[in-house]
Number of protein chains: 2
Amino acid sequence: MRAATGASFYAPVDGELRELERRLRDVGSGAHPVFREAVAHLFTTPGKLLRPTLVFLSSRFGPGRDREVVLNLAESLELVHTASLVHDDVVDRAELRRNIQTVNAKWNDDVALIVGDYLFAKAYALAAVLPKPEVIAIVAQTVFALCDGELGEITGARGLPTEDAYLERIELKTASLYAACAQGAALLADAEPDHVAALGAFGTNLGMAFQITDDVLDLVGDEEDFGKMVGRDLLEGMPTLPMIYAVEERDGTGSELETRILAPAKSAGDMSALLAEIRSSSGPERARQRALAFHDAAVRALDRLPARAERDALREAADFVVRRVR
Amino acid sequence: MRAATGASFYAPVDGELRELERRLRDVGSGAHPVFREAVAHLFTTPGKLLRPTLVFLSSRFGPGRDREVVLNLAESLELVHTASLVHDDVVDRAELRRNIQTVNAKWNDDVALIVGDYLFAKAYALAAVLPKPEVIAIVAQTVFALCDGELGEITGARGLPTEDAYLERIELKTASLYAACAQGAALLADAEPDHVAALGAFGTNLGMAFQITDDVLDLVGDEEDFGKMVGRDLLEGMPTLPMIYAVEERDGTGSELETRILAPAKSAGDMSALLAEIRSSSGPERARQRALAFHDAAVRALDRLPARAERDALREAADFVVRRVR
């Protein structure tokens, strides 16, 4: 996957990424056979590894050079991310992710629940040995944010959220993890407080840009490129920014389009009509513009960092996030 | 609940237990409202608090007197325990625990999944600040053991386990946590290595005695006293030691009784016939004897500790565990 993106921003941290991939594949060793199989399944295609790349690049902005602790942070946060995906897929009844079957689809919900618990436990065990309590606290805060975001999602009032409520949800569910990667790594490397803050702001804005782009791709993406079923958010009645904008443009909240978007059960006919209607609205394009605004904020944060190859790579990663097709 | 047991072994650590109860009720503060409500629900009747009592009593066997770190360990392990119960109740489709509705019954499986994740995260955040890495490792190892045990349970071959396989499962799922309480607290208190080992052995054997007693009560207990539905293990086709012994006595494995015990769906008539048959066998009594053997091993471990009030209290706790009706 990483190679398939053809992106050059991985290059400065290629060694760390390879070591991380090796460690991720090894996470199940010594554990229950079903957990080992699930780990092998999950990390066969380890995805884009944007978060670990952010960890490794950010760690280059301080004098600290302890490769081992930075690897531990990257592995810990990638496991937090994977664990939360495994649990989210149970809640969302998702069957496909990154073009492979979800754990709940391949095994069942019960196995996915425990596999997620296991991954969280591995993540925390790695975080617990990090040499800085404030970084351990960042990992814990990130998990709380993920849980808050997920609880908000599953217990939220039925209805179209405001733009602000949507942005708050994706900040909890996505951007907090990106921020933790950048900020945690900078702290571990003893970067200057200004640079830690700049990297934190970069991570938050990158995460926001990433998620909005993901939500646009869910509506307009090509299924094969995207690696997930297109229209999943819509099928589940999970409103995203392009839908919010589409309703705003068409006929306002409380409207017929809103009701159809939020409907929990949709026929194939409903789905294609809705997808066509949203695609022909200005919703996806306005959402892309919003993603680009976060991208630009991320790039501006980079101005507060010293010019070096790693800063260029972060800039390229930000460009990649809003340009990608999957 | 604690008061209702009328047990005197709580007395030496009453102050710590009250402080712990206060902290447990406060775990949800600042978090998502649904999590706050779930925490209030879970800790309204905080149960027997055997595990924290074990932490506080064990911490008295070393010169260390840092009350705060011992409270953190107790809270962390109680949250690990509660989180794993919340997730187990999802897997087991349980509706009642400690005479109150489970989180999955009161809300739903999705909420229970995230509430459990939240509790685990709180547990780890507390563990992470403990001053001894080996104690942090004990907490992590305990979660791995719980996950291994649960995975073994949900993916195990259908069929009656051997006595050894049953004992291995309850060691992972129950005794590991008791051992962590006793051993972790002794380590935090800088107890002598001999005393740490003795307390670890006490915890393991106490946990084994507790779980076997619980499994006997599930078959012979009074529903109102027991606070859970009686016969739940049987209803789910989850074989426990009294059933293993009953089959052994009656007609051996592969028999008709084994098939009826393992059947996943049982009518009310099947249930009462099976309960009567198992109760009239020597199964429950033989299992009680096995629990008593673990109790005796726990008590023998106490001989390796200095004589003091806390040792007497641990002895009383062990007696309580095998004598209790719930």
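The following legends describe close-up views of a predicted model. Local features require pLDDT of at least 70 and side-chain atom pairs count only at pLDDT 80 or more, while totals for chains, interfaces and linings use all residues. Residues are numbered from 1 along each chain as its sequence is written, and chains are lettered from A and ligands numbered from 1 in the order in which they are written.

**View 1. Buried and exposed faces of helix α3 of chain A.** Helix α3 spans residues 33-42 of chain A, and its buried residues are A:V34, A:F35, A:A38, A:V39 and A:L42. These residues lie on the same side of α3(A), because they cover an arc of only 135° around the axis; the arc is that of the directions from the helix axis to the C-beta atoms. A:P33 and A:A40 are exposed residues on the face turned away from the buried side. A residue is buried if 20 or more other C-beta atoms lie within 10 Å of its own, exposed if 12 or fewer, and partly exposed in between, with C-beta atoms placed from the backbone. Helices (H or I, at least four residues) and strands (E, at least two) are DSSP runs numbered from the N terminus. The buried residues of α3(A) pack against α5 (67-91), α6 (103-106) and α7 (109-128) of chain A, together with α8 (133-155) of chain B.

**View 2. Contacts between chain A and chain B.** In this pairing, 32 residues of chain A are in contact with 32 residues of chain B. α3, α5, α7 and α8 (133-155) of chain A each supply at least two residues of the side that touches chain B. By class, that side of chain A has 24 nonpolar, four polar and four charged residues. Two residues are in contact if their C-beta atoms, placed from the backbone, lie within 7 Å. Ala, Val, Leu, Ile, Met, Phe, Trp, Tyr, Cys and Pro count as nonpolar, Asp, Glu, Lys and Arg as charged, and the others, Gly among them, as polar.

View 3. Among the buried residues are B:R51, B:L54 and B:F56. The covering elements include α2 (14-25), α5 (67-91), α9 (163-188), α10 (193-220) and α17 (309-323) of chain B.

**View 4. Surroundings of A:H195.** A:H195 lies in helix α10 (residues 193-220) of chain A and counts as partly exposed, with 17 C-beta neighbours inside 10 Å. Leaving aside neighbours within four places in sequence, A:H195 is in contact with A:F61, A:A186 and A:L305.
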